[in-house]
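Hi,

Here is the structure I promised to pass on to you.

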Amino acid sequence: MKLTTKQLVIMSILISMHVILSRTLAIHIGDIIRISLAFLITAIMATYFNLAWTIIACGVADFLAAILFPTGTFFPGFTISAMIDGFIYSIFLYRKQFSWWRIIIIKVLSLIIITMGLNSYWLSLLIGKSYIVLVIPRITEGLIMLPIEIILLGVLLKYLIPHLKLRLLI
């Protein structure tokens, strides 16, 4: 799918918002936990753009965030995780009707595959700690944040996205 000028501008704005939410407005707890609202921007991308463009936008957003606001050395594994996260969101959101079950599935898959799986593994490679030592606090954080993120994502998709589409902003 070729992007129109309007879509390219919207994607650029969303990428910028993703970078800001994931790095500058995120809450860091120690070296291994970061709480962010960037998943909401990923959801908007996945709702508006197809699978390929969502994956690309998530990869670009992660790369730009790592370059502009480094929290250590750049590691491409986290960019791969961001792209897989975009894939998960896109599979369940692009051209789909709103469903709470779909949102729950997205967040549970993201928690298991990305947060507890890949990102914990990448961190174990980078900082040299055991995977189990790293995944336990991330499981706790994930289980605490899961219902909050499901509600936030549900409100965004049920109320805000249709309103934006009505106003032709996306």
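This is a predicted model: local features need pLDDT of at least 70, side-chain atom pairs count only at pLDDT 80 or more; totals for chains, interfaces and linings use all residues.

Leu 93 is buried, because its relative accessible area is 7% (buried means under 20% relative accessible area, exposed over 50%, partly exposed in between, with a 1.4 Å probe and protein chains only). Leu 93 sits in helix H4; helices (H or I, at least four residues) and strands (E, at least two) are DSSP runs, numbered from the N terminus. Not counting residues up to four places away in sequence, Leu 93 touches Ala 43, Ala 46, Thr 47, Ile 106 and Leu 157, where contact means heavy atoms within 4.5 Å.

Residues are numbered from 1 along each chain as its sequence is written, and side-chain values use heavy atoms, with hydrogens and water left out.

As for confidence, pLDDT is the predictor's confidence in each residue, from 0 to 100. The chain averages 90, and 94% of the residues score at least 70.

Thr 79 is another residue of helix H4. Its relative accessibility is 10%, so Thr 79 counts as buried. Leaving aside neighbours within four places in sequence, Thr 79 is in contact with Gly 59, Asp 62, Phe 63 and Phe 74.

Now to the nonpolar core (a set of buried Ala, Val, Leu, Ile, Met, Phe, Trp, Tyr and Cys residues joined through side-chain atoms within 4.5 Å). The largest one has 34 residues, and those with the most contacts inside it are Met 45, Phe 49, Tyr 89 and Leu 153. H1, H2, H3, H4, H5 and H6 each supply at least two residues of this core, and the largest share, nine residues, comes from H2. As background, in soluble globular proteins nonpolar side chains tend to be buried together. Leu 153 touches Phe 39, Leu 40, Ala 43, Tyr 89, Ile 103 and Lys 107, not counting residues up to four places away in sequence.

On a 1 Å grid over the protein atoms alone, a pocket is an open set of points where a 1.4 Å probe fits, with protein on both sides within 12 Å along at least five of seven lines; lining residues have an atom within 4 Å of a point. The largest pocket has a volume of about 1,200 Å³, a volume being the space filled by probe spheres set on the points, which are joined across faces, edges and corners. It is lined by 45 residues, of which Arg 34, Asp 62, Phe 78, Asn 119 and Arg 138 lie nearest its centre. Two or more lining residues come from each of helix H1 (5-24), strand S2 (33-35), helix H2 (38-48), helix H3 (51-68), H4, helix H5 (100-127) and helix H6 (131-166). H5 gives the largest share of the lining, nine residues. By type, the lining divides into 22 nonpolar, 14 polar and nine charged residues (Ala, Val, Leu, Ile, Met, Phe, Trp, Tyr, Cys and Pro count as nonpolar, Asp, Glu, Lys and Arg as charged, and the others, Gly among them, as polar).

The loop between H4 and H5 holds Arg 95 and Gln 97. Arg 95 counts as exposed because its relative accessibility is 71%, and its phi is near 55 degrees, a positive value in a residue other than glycine. Gln 97 also counts as exposed, at 68% relative accessibility. Gln 97 and Arg 138 are 41 residues apart in sequence and 31 Å apart in space, C-alpha to C-alpha.

Arg 102, in helix H5, is partly exposed, with a relative accessible area of 22%. Leaving aside neighbours within four places in sequence, Arg 102 is in contact with Phe 92, Lys 96 and Gln 97.

Best wishes
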